[in-house]
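User: I'm new to this one and would like a quick tour. Could you take me through it step by step?

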Amino acid sequence: MSHGKQFTLFSLKPGPNGWHVAFILEELGLTYENVFPNLDVTAHQGPEDLVKYNPNGRIPALIDHGNNDFVIWESGAINQYIVDRYDKERKISLAPGTEEYYTQLQWLYFQASGQGPYFGQLVWFAAYHPEKPQSVLDRYTNEIKRVFGVLEGVLSKQEWLVGNKPTVADISFCSWNEIITTTVLQNFNFEKEFPVTAKWHKKILARPAIKKVWDERAKLLAQG
Ligand SMILES: N[C@@H](CCC(=O)N[C@@H](CS)C(=O)NCC(=O)O)C(=O)O
């Protein structure tokens, strides 16, 4: 690829999962080029130019040109790879091998298995599914609130998820939290229902690197 940056990041303008990888790259001052493959979320297969790198046909996928064009996909694994390899000063991560490292991993797994799929299914049923079964919408809405409840309980006792500082674990929840609370959940008041989680979320969103990436997304979405 001829863009001259260290990474190529396959992403999607509206979708959350590419952007939280961009958050981590930006936080660490790493250079990357966003590539937006022609994804049809209602199709059963991803486009060829993406499947070539990610057999799962979804974004994000990352190519590290500084490491022999190493390719990695699944946002949690990508973020873990980036911080393990490039956050040597542990600006937003914990040192591999420590107990805190595994707590960080625990939150990354929870994001990937507990937040992403449930939040994503609500978007699917609310926006793309031909029918709108109320029981299904309720199921995913309740699950999202349950996940917020888990975060609320933990964050009521500590400022950050692990290590007494903002890390990749906290940041990985941010793009989905912003999308679901501002555009998808109906009759929902984040600050009122989950005040501690809402405050934590706003602090992450206000970080200069995060704000820069999120503003870039807004600009791209406005361009269509
Ligand atoms: N667990 C995956 C989820 C990936 C995912 O679902 N990505 C969405 C966009 S945010 C996607 O590619 N959707 C296209 C499709 O469903 O075809 C990850 O976190 O990387």
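Predicted model: local features only at pLDDT ≥ 70, side-chain atom pairs only at ≥ 80, totals over all residues.

User: Which residues of H7 make the contact with H4?

Analyst: On the H4 side, the contact uses Gln115, Gly116, Phe119, Leu122, Val123 and Ala126. By class, the residues of this contact split into seven nonpolar, two polar and no charged. The H7 side is made by Trp176, Ile180 and Val184.

User: Are H4 and H7 roughly parallel or roughly perpendicular to each other?

Analyst: H4 covers residues 99–128 and H7 covers residues 174–184, and their axes are 11 Å apart. They pack at an angle of about 30°. Angles under 35 degrees count as roughly parallel. H4 and H7 are therefore roughly parallel.

User: How far apart do the C-alpha centres of domain 1 and domain 2 lie?

Analyst: First, the bounds: the domain assignment gives domain 1 as 7–92 and domain 2 as 99–205. Their C-alpha centres are separated by 21 Å.

User: Which element gives the largest share of the side of domain 1 that touches domain 2?

Analyst: Contact between the domains involves 13 residues of domain 1 and 15 residues of domain 2. On the domain 1 side, the elements giving two or more residues are helix H1 (17–27) and helix H3 (75–86). That side has seven nonpolar, six polar and no charged residues. The largest share, five residues, comes from H1.

User: What percentage of the chain is helix over residues 97–224?

Analyst: That stretch is what UniProt lists, in an unreviewed entry, as "domain: GST C-terminal". Over residues 97–224 the end C-alpha atoms are 44 Å apart, and strand makes up 0%. The helix figure is 77%.

User: Where is Pro60 found?

Analyst: Pro60 is joined to Ile59 by a cis peptide bond, with omega about 5°. As for its place, Pro60 sits in the loop between helix H2 (48–51) and strand S3 (61–64).

User: And what value is phi of Glu74 near?

Analyst: Glu74 is placed in the loop between strand S4 (70–73) and H3. Its phi is positive, in a residue other than glycine, and the value is near 80°.

Methods:
Residues numbered from 1 in each chain as written. Axes fitted to C-alpha atoms, helices over the stretch in contact; angles between N-to-C directions. Helix = DSSP H or I, 4+ residues; strand = E, 2+ residues; numbered from the N terminus. Parallel < 35°, antiparallel > 145°, perpendicular 65-115°, else oblique. Contact = placed C-beta atoms within 7 Å. Nonpolar A, V, L, I, M, F, W, Y, C, P; charged D, E, K, R; others polar. Domains from an automatic or database assignment. UniProt positions renumbered as here; feature names shortened; annotations may be inferred.
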